[in-house]
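Hello,

Here is the structure I promised to pass on to you. Have a look at it first, and then read on for what turned up.

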Amino acid sequence: MFLRYTVYMLLFLCVFASSAWAQNKVGFVNTQRILEETELGKTAQEDLARLSTEKDKQINESAQQIIELKEELSLYPHDKGLQKELEALSLAHEELKKQCRADLRKEEEQLIQFLLKHADESLRKIAHQEGFSMVLTDPNIVGYLESSADLTDLVIQEMNKD
């Protein structure tokens with residue numbers, strides 16, 4: 001008797017949950033497009049490009065020092081001091097490249113988080129107005145997307161109004 005009651009209750013809950021779920025609207029926002037097409041995103045990309053240019057300049061200057069030291073070492077191939085200096089400079093150069101890449105990744109992540117925080121306000125407003133109960137932002141979990149569920153254009157327009 002208890003088992004039969006439990007089975008009926010589970011069936012009722014499944015039917016109720018599926019009908020409630022069917023009434024929910026699910027949308028999607030393409031965060032890459034928000035980054036590329038909003039004024040805030042374009043500014044963030046320009047800032048990141050400037051930082052990348054600065055880091056490239058530092059790396060090129062370090063590489064130039066290595067080239068100059070190698071030329072000097074070619075004149076004095078048995079100079080142990082120059083050889084040690086070249087090794088130290090090469091290690092420092094490799095460390096600089098790693099640090100520059102890490103700095104760029106960190107800055108990019110911070111800019112994206114900043115942008116998404118601002119997009120969230122527009123997204124919530126639009127989702128509420130349009131009756132969406134859930135909006136996805138991860139393109140890897142979307143298997144199929146009906147064009148009416150894509151809120152990206154609306155979010156971009158809303159963000160660019162500010």
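Before the details, one term: two residues are in contact when they have heavy atoms within 4.5 Å of each other. Please also keep in mind that this is a predicted model.

Leaving aside neighbours within four places in sequence, Val-155 is in contact with Val-29, Ile-34, Ala-119, Ser-122, Leu-123 and Ile-126. Val-155 also belongs to the largest nonpolar core, which has 13 residues. Within that core, Val-29, Ile-34, Leu-151, Val-155 and Met-159 touch the most other members. Helices H2, H4 and H5 (152-161) each give two or more residues to this core, and the largest share, 5 residues, comes from H4. There is a second, separate core of 5 residues, and Ile-66, Leu-69, Leu-82 and Leu-86 are among them.

Now for the chain as a whole. It has 5 helices and 2 strands, and along the sequence they follow the pattern α-β-α-α-α-β-α. Of its 162 residues, 22% count as buried. The accessible surface comes to about 12,000 Å², with 56% of that belonging to carbon and sulfur atoms. Among contacts between residues at least 6 apart in sequence, 79% join residues at least 24 apart.

Helix H3 (39-75) deserves a look of its own. H3 has 37 residues and reaches 54 Å from its first C-alpha to its last, close to the 54 Å expected at 1.5 Å a residue. The buried residues of H3 include Gly-41, Ala-44, Leu-48, Leu-51 and Lys-55. Further along, Ile-59, Ser-62, Ile-66, Leu-69 and Leu-73 are buried too. An α-helix has 3.6 residues a turn, so residues three or four places apart point the same way. H2 and helix H4 (80-130) are included in what covers the buried residues of H3.

Is Thr-38 buried or exposed? Thr-38 has a relative accessible area of 0%, and buried means under 20%, so Thr-38 is buried. Its side chain reaches the backbone oxygen of Ile-34 at 2.7 Å. A polar atom of the Thr-38 side chain also lies 2.9 Å from the backbone nitrogen of Gly-41. Not counting residues up to four places away in sequence, Thr-38 touches Arg-33, Leu-115, Ile-156, Met-159 and Asn-160.

Enjoy exploring it!

Best wishes

How values were computed. Residues numbered from 1 in each chain as written. Predicted model: local features only at pLDDT ≥ 70, side-chain atom pairs only at ≥ 80, totals over all residues. Heavy atoms only, no water. Helix = DSSP H or I, 4+ residues; strand = E, 2+ residues; numbered from the N terminus. Buried < 20%, exposed > 50% of the residue type's maximum accessible area, 1.4 Å probe, protein only. Polar contact = N/O pair within 3.5 Å; in protein donor to acceptor, adjacent residues only side chain to side chain. Areas by Shrake-Rupley, 256 points an atom, 1.4 Å probe, with all protein chains shown as cover. Expected span 1.5 Å × (residues − 1). Core = buried A, V, L, I, M, F, W, Y, C linked by side-chain atoms within 4.5 Å.
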